[in-house]
Amino acid sequence: MAGRFITFEGGEGAGKSTQIARLRRRFEASSQPVIATREPGGSPEAEKIRSFILSGKAKHLGPFAEALLFTAARIDHIDKTIAPAIESGTHVLCDRFSDSMKAYQGALGSIDRDVLDSLERIALRGLRPDMTFILDLPAEVGLSRAGERQASKGEGGDRFEQEDISFHRTLRDAFLAIAQAAPERCVVIDATQPPDEVEAAIWAALRERIPDLLGGEARHVDVA
Ligand code: TYD
């Protein structure tokens with residue numbers, strides 16, 4: 001059976017990586033093959049493009065060129081990592097995917113929705129996440145969480161974390177609009193809740209939407 005493709009989206013500081021690690025452990029605990037990957041990146045060449053974009057060097061090329069770079073990275077990531085895993089029956093948990101391009105590059109303002117849709121079609125070639133979790137929280141909360149994380153690492157924030165608060169508010173609305181337009185794929189999760197509750201909400205939604213995920217009736221796997 002083909003693996004499932006599950007993506008995690010949301011603004012800064014929403015706790016995607018914590019939740020991906022927890023979900024991965026649940027799959028592993030039930031002996032389900034699983035990989036966790038991320039965008040931009042997730043393959044050796046796409047990781048090179050990631051460093052270039054997040055360093056801020058691509059900003060001077062403008063939002064359209066940035067969107068093309070994200071698209072190039074996505075194509076390599078799909079071809080080298082995501083598609084082979086799914087075909088071999090491995091579940092793929094992906095930290096951001098093409099909804100991030102629609103939200104972020106859309107929120108930067110100057111790119112037509114049609115253009116972003118076309119770039120998405122070019123990159124995905126029919127691939128579509130089975131489920132997308134949108135971890136939702138107010139922009140202020142997310143940015144302050146991301147700020148604490150950077151301060152503890154002694155970092156200054158990447159290209160997009162440095163955008164202003166109104167950008168991050170637009171971003172939140174964009175993710176919610178994406179979820180509203182694709183309710184069969186997207187589930188919005190309140191990411192202001194404690195991590196255990198976010199994890200439980202994600203797990204409950206997965207069991208409901210993909211009941212055969214763990215083979216037959218989904219089993220409860222207690223990995224706390
Ligand atoms: P990352 O450190 O992975 O961010 P986070 O921890 O918030 O997930 O950096 C990825 C950044 O790239 C993030 O700010 C979102 C942005 N991005 C886009 O602008 N477009 C895209 O298509 C993708 C995948 C990410």
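A cavity is a set of points on a 1 Å grid over the protein atoms alone where a 1.4 Å probe fits but cannot get out; lining residues have an atom within 4 Å of a point. A volume is the space filled by probe spheres set on the points, which are joined across faces, edges and corners. This is a predicted model, where local features need pLDDT of at least 70, side-chain atom pairs count only at pLDDT 80 or more, and totals for chains, interfaces and linings use all residues. Residues are numbered from 1 along each chain as its sequence is written, and side-chain values use heavy atoms, with hydrogens and water left out.

Q: How much space lies in the largest cavity, and which residues lie nearest its centre?
A: The space is about 120 Å³. Gly11, Glu12, Leu137, His168 and Arg172 lie nearest the centre, among 15 lining residues.

Q: Why is Cys94 said to be in no disulfide?
A: A disulfide needs two cysteine sulfur atoms within 2.5 Å. The nearest cysteine sulfur to that of Cys94 belongs to Cys186, 14 Å away. The cut-off is 2.5 Å, so Cys94 is in no disulfide.

Q: Why is Thr90 called buried?
A: Buried means under 20% relative accessible area, exposed over 50%, and partly exposed in between (1.4 Å probe, protein chains only). Thr90 has 13%, so Thr90 is buried.

Q: What makes Cys186 buried?
A: Its relative accessible area is 6%. The limit is under 20%, so Cys186 counts as buried.

Terms used: On a 1 Å grid over the protein atoms alone, a cavity is a set of points where a 1.4 Å probe fits but cannot get out, and a pocket is an open set with protein on both sides within 12 Å along at least five of seven lines; lining residues have an atom within 4 Å of a point.
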